2 protein chains.
Amino acid sequence: MSRPMIDREATAELLLEAAEELIRERGAYEISVTDLALACGMSQSNVYRFFDSKEALFDAIAERWFRDFGVAMEAILNADMPVREKLFRFFECRLILKLARYDSDPALFMSYLALGESHHDVVDGYIDLATHHLAVLVSEAMAEGEFAGRAIDEVVGLINLMTIPFCDPHMIVEHRGQATPDNLRRVMDVIFAGLGQPEQARQTLRLAS
Amino acid sequence: MSRPMIDREATAELLLEAAEELIRERGAYEISVTDLALACGMSQSNVYRFFDSKEALFDAIAERWFRDFGVAMEAILNADMPVREKLFRFFECRLILKLARYDSDPALFMSYLALGESHHDVVDGYIDLATHHLAVLVSEAMAEGEFAGRAIDEVVGLINLMTIPFCDPHMIVEHRGQATPDNLRRVMDVIFAGLGQPEQARQTLRLAS
């Protein structure tokens, strides 16, 4: 007897598609439940059964945007491949997804970004989740001898900084020709080679140079 | 008999200070020569003697904004210090300047950034100049044995990508707590260590791991 639940989910998804259509038409603006009801020809009280506030509607829009990223990250985390490759793919899968979305509708992509900026708290939750996944991968790599002599927080922090051009959607758009999977591979190679040398070895190198 | 020229430069500078005051008051907007004349109590024809179009006025505003960056970069290029330190300072001096300007008036800083976005061609000229200086420093480093076996364009491109959080003013603001001179030092260390290993050595490392 799961039919009603499926119907409910399908209707919610249709409402979110209609919300995306409104964003596509009007750009980044705060969609109200009233707007959405009007656009779908549904009563406001009916739409409220799905999203009981503007905030709940935005949460659902964000959840829909980030869903594929979550699926992709989980797949990489559970994949059976060398940990260096996992770390590369962890960034690559999200880069490819963003590039594809941007290319398919640049204006819509920018509208979503602008919406995200006015809801930093919601977006930050998803960014924190990605950082958590990254920390899991880094600790996996450390167990295999990578990043010897480093603290996990230091490694996660530095990787987060050095991969910004491939993660931050504004940077991906601004550096469209440079923020490529090939360059990501090069940067990850530099990170592994450069963070592979523990502090003491680097000190010695610096003294010797 | 250089007095008239000095007076002319001093007046141009006063006009640019008045333009900054307008940006501070009204945010990012295209200042016209008319606005500036009105704000300074000067005749339009007099202001036109200094800036003969809106574009010329913006060029001068940009030149004034970037002046200190040029001076700082030139000083580092000509400094007598180890090339690794030079490369670090080359990024650090501009990071510190941007952080100081942001902290002294965040709203004005953001207004300048917004103005820059609508004049990408002008700003790109200054970015290209910085990349040219970087290439000079990288070739200096290569002459001392750094980045062995790499092409200069590859090294410049990768350094530009990995230092984005410390160069791009939006990223500096967004990652205020992370875009610090200390973290820049860490990232530069990773870059030197990671880019120091020629392709063949890295391949071997990868095969061995």
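Start by selecting B:Phe147, which sits in the loop that joins α7 (120-143) to α8 (152-162) in chain B. Keep in mind as you look around that this is a predicted model. The phi angle of B:Phe147 is near 55 degrees, a positive value in a residue other than glycine. Is B:Phe147 buried or exposed? Its relative accessibility is 1%, so B:Phe147 counts as buried, the cut-off for that being under 20%.

Now jump to chain A and select A:Phe147. You will find this residue in the loop between α7 and α8 (152-162) of chain A. A:Phe147 is not a glycine, yet its phi is positive, at about 55 degrees. With 1% relative accessibility, A:Phe147 counts as buried.

Next, show both chains together.

For the last stop, go to the surface and select A:Glu30, A:Glu55, A:Asp59, A:Glu117, A:Asp121, A:Asp124, A:Asp128 and B:Glu174, which form a patch of negative charge. Which helix gives the most to this patch? That is α7(A), with three residues. Both α4 (54-77) and α7 (120-143) of chain A supply at least two residues each. Finish by zooming in on A:Asp128, in helix α7 of chain A. A:Asp128 has a relative accessible area of 52%, and over 50% counts as exposed, so A:Asp128 is exposed.

Methods: Residues numbered from 1 in each chain as written. Chains lettered and ligands numbered in written order. Predicted model: local features only at pLDDT ≥ 70, side-chain atom pairs only at ≥ 80, totals over all residues. Heavy atoms only, no water. Patch = residues over 30% accessible without salt bridge, like charges linked within 9 Å, V, L, I, M, F, W, Y side chains within 5 Å. Areas by Shrake-Rupley, 256 points an atom, 1.4 Å probe, with all protein chains shown as cover. Salt bridge = Lys/Arg side-chain N within 4 Å of Asp/Glu carboxyl O. Lys, Arg positive; Asp, Glu negative; His and termini not counted. Charge placed at Lys NZ, Arg CZ, Asp CG, Glu CD. Helix = DSSP H or I, 4+ residues; strand = E, 2+ residues; numbered from the N terminus. Buried < 20%, exposed > 50% of the residue type's maximum accessible area, 1.4 Å probe, protein only.
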